[in-house]
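Take a look at the structure below. The notes after it walk through a few of its local features.

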Amino acid sequence: MSERYNRQLLIKHWNQEKIKQSTVSLVGLGALGSVAAASLAMAGVGTLILIDMDTIELSNLNRQLFYRAGDIGKPKVKVSAQIIQELNSEVNVIELFMPIEKAPRHVLEASNVILDGLDTFQTRRWVNSFTVGANIPLISGGMFSFLGNLQVVIPQKTPCLECQSLIPEEKLQKACTPFGDMRKENQSDEDNDEYIPYVSSVSFVIGGLMAQEALKILLELPPLENYLFWDGEAGIFTPVPLERREDCIVCSPRYQLQAIPIRSPTDQQISDFMTQLRYSFNLSSEMALLHQTQKITLSEEKVGDILESGAIFRIVDPTLSAPLKFVINLD
Ligand SMILES: [Zn+2]
């Protein structure tokens, strides 16, 4: 074994071969992603998959460890890959310069752990539903001003991000309004980012913890169970116990096997029914209703004209990685 790892080999339960055989995906190579990627590369993780669609901007440089003024305009994944190779040339790096939703699924599914250091709730929600569906542990970190948070999701064992209201519903709904969609089209995440206070000291705390939890999972050590909240101003870590929601639309075993029941008056207009679904399940304005492979569009028609009681239909939404299956009961 390389002398490079001598000091970590002294840690109880360490298994360098296991770390070397592992693949970790990092979704978002911003402040948290850079710190976590640096730490995992130095520890000798065999393969790091980097997924980010952004290019480097001047306002990133106060906190995003990997980037220099000369890198402005370059893709984050490209510059990150170069730095990782300098930190540890034994690491195999895969660069995916694209939105996570467009990344090849078989590449993502090869991950032993996925880390998300994202700053948009819609994308975080997609990653959560993907990791639960693919049965891959997820480590989700966030930061804001002097505050930070961390949650580890072990599919079918611990609560997923959708189980709690930790994905703030008002933010999702805001993102689902026409205004939200306009912002999304006209502005990049980096523009939105200008309104959020960030400092690098918090990214080192939370990014470091994300890497630590990833290494623990790779070493088969018990991961963090609670949602961990860090108040950097007070200097306090607060573990917040979480519970799985039995009717969670993403991780409930019931809804993975069976359709989600929904009621509607027979004479309700399809457009009102769609609005009911959107608000009940926090779906986006781009959601679509599919019935027997037909897409049902907003119309004056009544629910009872299209669906009969007991009919199964699906909702496809860009904030979720898989369609939701419903069964309708008409009143
Ligand atoms: Zn859940």
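## A buried residue in a strand

The model is predicted. Start with Ile49, which sits in strand E2, residues 47-51. Is Ile49 buried or exposed? It has 21 C-beta neighbours inside 10 Å, so Ile49 counts as buried. The cut-off for a buried residue is 20 or more.

Which residues does Ile49 touch, leaving aside those up to four places away in sequence? They are Thr23, Ser25, Ile94, Leu96, Val107 and Ser111. Pro253 lies elsewhere: Ile49 and Pro253 are 204 residues apart in sequence. In space, 29 Å separates their C-alpha atoms.

## Two helices side by side

Two packed helices are described by the angle between their axes and the distance between the axes. Take helix H3 (residues 31-43) and helix H4 (residues 76-87). Their axes come within 9 Å. They cross at roughly 30 degrees. Angles under 35 degrees count as roughly parallel, and H3 and H4 are therefore roughly parallel to each other. The crossing of the pair is right-handed.

Which residues make the contact? H3 supplies Ser34, Ala37, Ala38, Ala41 and Met42. H4 supplies Ser80, Ile84 and Leu87. By class, the contact of H3 with H4 has 6 nonpolar and 2 polar residues. It has no charged residues.

## Helix H10 and the residue after it

Helix H10 covers residues 200-218, 19 residues in total. From its first C-alpha to its last, H10 reaches 27 Å. That is close to the 27 Å expected at 1.5 Å a residue.

H10 is followed by Glu220. The phi of Glu220 is positive, near 60 degrees. Most residues other than glycine have a negative phi.

## Two positive phi values in loops

Asn282 is not a glycine, yet its phi is positive, about 55 degrees. Where is Asn282 found? Its place is the loop between helix H12 (270-281) and strand E10 (288-291). Asn282 has 21 C-beta neighbours inside 10 Å, so it counts as buried.

Gln292 also has a positive phi, near 50 degrees, and is a residue other than glycine. Gln292 lies in the loop between E10 and strand E11 (294-296). Is Gln292 buried or exposed? With 10 C-beta neighbours inside 10 Å, Gln292 counts as exposed. The cut-off for an exposed residue is 12 or fewer.

Terms used:
Residues numbered from 1 in each chain as written. Predicted model: local features only at pLDDT ≥ 70, side-chain atom pairs only at ≥ 80, totals over all residues. Axes fitted to C-alpha atoms, helices over the stretch in contact; angles between N-to-C directions. Helix = DSSP H or I, 4+ residues; strand = E, 2+ residues; numbered from the N terminus. Parallel < 35°, antiparallel > 145°, perpendicular 65-115°, else oblique. Left-handed = near helix turned anticlockwise from the far one by under 90°. Contact = placed C-beta atoms within 7 Å. Nonpolar A, V, L, I, M, F, W, Y, C, P; charged D, E, K, R; others polar. Expected span 1.5 Å × (residues − 1).
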